[in-house]
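Hi,

Here is the structure I promised to send over. Have a look at it first, and then read on for what turned up.

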Amino acid sequence: MAMNLRQMEIFRAVMREGSITGAAKALNISQPSISEIIRNAEARCGLQFFLREKGRLRPTPNASRIIDDIDAVFHQVTKVNRAIESLRSDRDVTLILGCTYSLSLSLAPRIISYLHSIEPKLKLHIIVERRVESANKVSSGSIDAAISFLAESYSNVEIITLTTAAARFICPKSHPLAQRKSVSAMDLQKERFVGYFPYLQLRKLIDAFFDEHSLPFNPAIEVEQIAQAWHLVRAGEGVAIVDPFCDLQVFFPEIVSLVLRDAPQIPLQLLVKRGRSLTPTLSLLASKFKELALTSSRDQP
């Protein structure tokens with residue numbers, strides 16, 4: 001047999017609070033009730049979730065393996081309750097979007113401003129996390145969608161390409177190339193680069209770009225986040241190639257962003273749960289994305 005929702009709630013509270021006492025206070029029920037429900041859940045499932053040590057409960061590997069899935073269940077419960085409250089008060093349903101850190105600094109504020117201009121009562125949540133974490137939450141239904149670029153394929157997730165734009169080259173204003181309107185691969189062959197870890201999609205595109213011009217690409221420093229590349233360029237550690245959607249010049253006025261000729265095209269994407277129709281709000285946002293994205297980047301000549 002399986003756990004029922006009440007047993008999941010008790011199990012989750014014990015895991016989050018770290019003790020029966022904490023769980024009892026959080027749920028406003030007695031400690032003996034907590035203990036009994038946990039014992040019943042273990043008997044019902046035929047598994048041990050906690051070890052009893054001097055009056056305390058210590059999670060077993062079984063508990064650690066299922067806690068994320070139980071959290072996802074309660075994210076869904078919270079979402080349903082928000083929707084019910086919104087319907088009751090005649091408001092739009094809360095929209096929850098996942099987003100990478102760099103996009104949260106550049107494109108996300110434009111999205112928030114646009115949506116609030118057309119839906120003032122909309123409650124919008126932007127959750128900043130790694131692409132794979134956002135994709136997992138989209139797949140489980142705990143968030144409505146995620147904004148990304150160069151996303152990989154994920155189980156149960158549909159990737160909608162909203163627009164594409166060319167990668168950009170960034171360097172300090174004091175750099176000899178900073179006065180140009182554009183640069184080519186040949187212009188960059190002797191530059192010290194801040195690059196990205198080899199497994200990242202942006203790094204693979206950059207490697208292919210230099211390979212096409214029969215040039216080596218050996219970055220002096222490798223990072224994971226676009227924002228880290230901007231920080232290191234500002235610190236004088238080199239130059240970088242960045243995506244066109246995370247335009248961070250407002251935070252880095254001492255850096256210039258230039259057109260990179262023949263640069264790889266990068267897709268801006270919306271991740272949604274496969275088979276689920278877009279809500280009216282998401283459909284409206286998707287139709288507006290190209291304009292929002294390109295006002296956050298710079299058009300190529």
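Let's start with a pair of helices: the axes of α1 and α3 come within 9 Å and cross at roughly 115°. Bear in mind throughout that this is a predicted model. The crossing of α1 past α3 is left-handed. If you want to find the contact on screen, pick out Arg6, Gln7, Ile10, Phe11 and Val14 on the α1 side, which meet Ile34, Ile37, Ile38, Asn40, Ala41 and Arg44 of α3. Sorted by class, that α1–α3 contact has seven nonpolar, two polar and two charged residues.

Next, α1 and its other partner. Helix α1 covers residues 5–17 and helix α2 covers residues 20–27; their axes come within 8 Å, with a crossing angle of roughly 120°. Angles of 65 to 115 degrees count as roughly perpendicular and those over 145 as roughly antiparallel, so α1 and α2 are oblique to each other. This crossing is right-handed. From α1, the residues making the contact are Glu9, Ile10, Ala13, Val14 and Glu17, and from α2 they are Gly22, Ala23, Ala26 and Leu27. By class, the contact of α1 with α2 has six nonpolar residues, one polar and two charged. You'll notice that Ile10 and Val14 turn up in the contact with α2 and also in the one with α3.

Staying with α2 for a moment: which of its residues are buried? They are Ile20, Gly22, Ala23 and Ala24. What do these buried residues pack against? Their neighbours are α1, α3 (31–45) and β2 (56–59).

Ser134 sits in helix α6, which spans residues 131–140. Is Ser134 buried or exposed? Its relative accessibility is 3%, and buried means under 20%, so Ser134 counts as buried. The Ser134 side chain has a polar contact of 3.4 Å with the side chain of Glu129. Leaving aside residues up to four places away in sequence, Ser134 touches Gly98, Cys99, Glu129, Ile143 and Ala146.

Cheers

Notes:
Residues numbered from 1 in each chain as written. Predicted model: local features only at pLDDT ≥ 70, side-chain atom pairs only at ≥ 80, totals over all residues. Heavy atoms only, no water. Axes fitted to C-alpha atoms, helices over the stretch in contact; angles between N-to-C directions. Helix = DSSP H or I, 4+ residues; strand = E, 2+ residues; numbered from the N terminus. Parallel < 35°, antiparallel > 145°, perpendicular 65-115°, else oblique. Left-handed = near helix turned anticlockwise from the far one by under 90°. Contact = heavy atoms within 4.5 Å. Nonpolar A, V, L, I, M, F, W, Y, C, P; charged D, E, K, R; others polar. Buried < 20%, exposed > 50% of the residue type's maximum accessible area, 1.4 Å probe, protein only. Polar contact = N/O pair within 3.5 Å; in protein donor to acceptor, adjacent residues only side chain to side chain.
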